[in-house]
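Hello,

Here is the structure I promised to pass on. Please open it first; my notes follow below.

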2 protein chains.
Amino acid sequence: RPIVDCRTANRTVSLPGLIDMHVHVRDPGATHKEDWASCTASAVAGGVTIVCAMPNTTPATVDNATMQTVRNRAATMARCDFALLAGATMLNAQSVKTIDGAVGLCMELDYATSHELRIEDLTVWMAHFENCPPNMPIVVRAESKTLAAVLMMAMMYDRAIHVCALSRREEIMVVREAKRRGAKVTCGVCPTHLFLVEDDIEKIGDKLCSIRPRLATSQDRQALWENIDIIDVFSSHHAPHTKEEKEKEAVPGYPGLETMLPLLLTAVNDGRLTIEDLVLRLHTNPRKIFGLAEQPDTFVEVDLDRTWEIPESLPHTKCDWTPFKGHKVRGAVSRVVIRGELVYLDGQVFSDPGSGKEMRVESSL
Amino acid sequence: RPIVDCRTANRTVSLPGLIDMHVHVRDPGATHKEDWASCTASAVAGGVTIVCAMPNTTPATVDNATMQTVRNRAATMARCDFALLAGATMLNAQSVKTIDGAVGLCMELDYATSHELRIEDLTVWMAHFENCPPNMPIVVRAESKTLAAVLMMAMMYDRAIHVCALSRREEIMVVREAKRRGAKVTCGVCPTHLFLVEDDIEKIGDKLCSIRPRLATSQDRQALWENIDIIDVFSSHHAPHTKEEKEKEAVPGYPGLETMLPLLLTAVNDGRLTIEDLVLRLHTNPRKIFGLAEQPDTFVEVDLDRTWEIPESLPHTKCDWTPFKGHKVRGAVSRVVIRGELVYLDGQVFSDPGSGKEMRVESSL
Ligand SMILES: [Zn+2]
Ligand SMILES: [Zn+2]
Ligand SMILES: [Zn+2]
Ligand SMILES: [Zn+2]
Ligand SMILES: [Zn+2]
Ligand SMILES: [Zn+2]
Ligand SMILES: [Zn+2]
Ligand SMILES: [Zn+2]
């Protein structure tokens, strides 16, 4: 499938528009970390043409009013397409299904960053599972025992869930067995846990390294790679904080939109993944899980052979650091076209704020 | 069914021998807290004719050698019949089924008191569920999310489990729903959580009150009573520590063998339970869950009308305190007969150490 660039002799591949299922846009509420314009610039620079925005904004996206606030921000500022998620709270199990345009319900079951999104009581989990309609995917952040606990809910209610960011061997093994036995579960991993381990903490720095799920062991990372066949989705979990905030408070989260695809393309070059593996996990499966329409005339052209070193920070995010600084990668985004318009070419973002469209669940679902 | 004593005019009822599914005998390892002779004296004084011994002895009961040590102690000293459980460890998932005479496998999933019984990794839970034969009941201690997590294992492997000591509303609601949807789960509660709440901590004292599961709210207690129909088992969770040890280290656990039945008979007198409710939860269901034979010619005669106040400590346990001190109860054990022999009458234990027999899983199972 790759074609060879006649000027550089590099192999070039065209991918469909990538869907990043898990992005913390920080807008509204913390626009010094990122806003819809900078986040979506970072997205297209990373080959992402649909950003799925997590609800832990300030205020959190938990009802029609807050959803409309997010929508207004995104509609004015987004440079690529976007889809919006609603967050589960202790109080909105009955009403969350009425939120206009929410493509999924996000349940943060371990480390809710926003107090409002903390749902500790199993009866509230049950209320959400009972009330969330089948065409509204439930997307959960849950580790270890909490992951098993929410899989119990999925089995009990015979309800599909998507679990984000597996990071440990035990998690991948329990999801593998649950899938084998017919549970309706899909799962994602973040490049963070495919490429970094706790041994990297010393080099990167303790406070910068703070992330949820935590960096795991090299055995855990190996288990993710060995079981890559049951991983349905890759997503960046882009969660920018300034270096100053990290150094001061060790707030959890890394930027990731501009580094995800280069890191994964490097794995393709290393023979650990195929281009088909990437397309499945960054386009086909996320699209299916959220029931999104195809973006017509949309593609991402990547240079499989460009080698570069990840710098101290990436050019398009507001985030002024990256945990991948110094990683040598082979693979880069050359060109991104959304709905026939050139939005990115060789380092430059061309799409205007407000050109992005909201993606909703396809009416056919 | 009650008959009236012609001397006292008190109502008297005859119950089958009670089975206490969850007793920490402390022998071997901590015989200053309790030993097989004192524990089983306490048992018969409480109307219990089969003590099911939990494996967190020292050494923990986790293989044939340690099981034989416990059996030797019990065979020499027990004054009533007994059944022995094996404990799940990180290492014995393959071998635990070969332990001779273990009537069940105990998995302590929240607060393992013995380091050896701590099993943190979900893959180890899975190994135990995969290897434990169907005729070896799995008995779990798991609260809240951990409870949901182990219910997930039961559903995934379509395997029966018994969960001990529900204490919170969320737990009873999730078990109710799981049962309704066909999960193979039975559950128990301890009188502690039916009769005490966190508001009692002040009166009893912070350190004495330490227990797992923790004392819950009055809303939680109310939920247990309102859902008593789905509670399969009452068990004492007898877990003696000396008052000195409690005051010093706040080690978790209460004695309970001598107070369980009087407290429950008081609830019968209050109209909150029936005698049939007790027999089902203290005899019929525990017998079924462990697959134990009937004890022939065995019964417990209780005086439904004797009123008394629970003293500072009970006479037959070594434990020198009780959290129920000062509770006024109506109901007392008058007489206990095991296999035709009088073992208890009006405050006195007559059975000799070594007269108790080991109960094993019935061969027909
Ligand atoms: Zn996600
Ligand atoms: Zn996230
Ligand atoms: Zn497609
Ligand atoms: Zn950055
Ligand atoms: Zn128990
Ligand atoms: Zn116990
Ligand atoms: Zn019977
Ligand atoms: Zn006592």
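Note that this is a predicted model. I began with the contact between the two chains. Chain A puts 27 residues into it, and chain B also puts in 27 residues. Together they bury about 2,300 Å². Carbon and sulfur atoms give 71% of that area.

Next, the polar side of the interface. Zero salt bridges turn up between chain A and chain B. Polar contacts do occur: six residue pairs, both partners at pLDDT 80 or more.

As for secondary structure, three helices of chain A each bring at least two residues to the side that touches chain B: α3 (122–131), α4 (144–156) and α5 (169–180). The largest share comes from α4(A), with 10 residues. By type, that side of chain A holds 15 nonpolar, nine charged and three polar residues.

B:His22 sits in strand β3 (residues 18–23) of chain B, while B:Cys164 sits in the loop between β8 (161–163) and α5 (169–180) of chain B, so the pair ties together parts 142 residues apart in sequence.

Best wishes

Definitions and conventions:
Residues numbered from 1 in each chain as written. Chains lettered and ligands numbered in written order. Predicted model: local features only at pLDDT ≥ 70, side-chain atom pairs only at ≥ 80, totals over all residues. Heavy atoms only, no water. Helix = DSSP H or I, 4+ residues; strand = E, 2+ residues; numbered from the N terminus. Contact = heavy atoms within 4.5 Å. Buried area = accessible area lost by both parts, 1.4 Å probe. Salt bridge = Lys/Arg side-chain N within 4 Å of Asp/Glu carboxyl O. Polar contact = N/O pair within 3.5 Å; in protein donor to acceptor, adjacent residues only side chain to side chain. Nonpolar A, V, L, I, M, F, W, Y, C, P; charged D, E, K, R; others polar.
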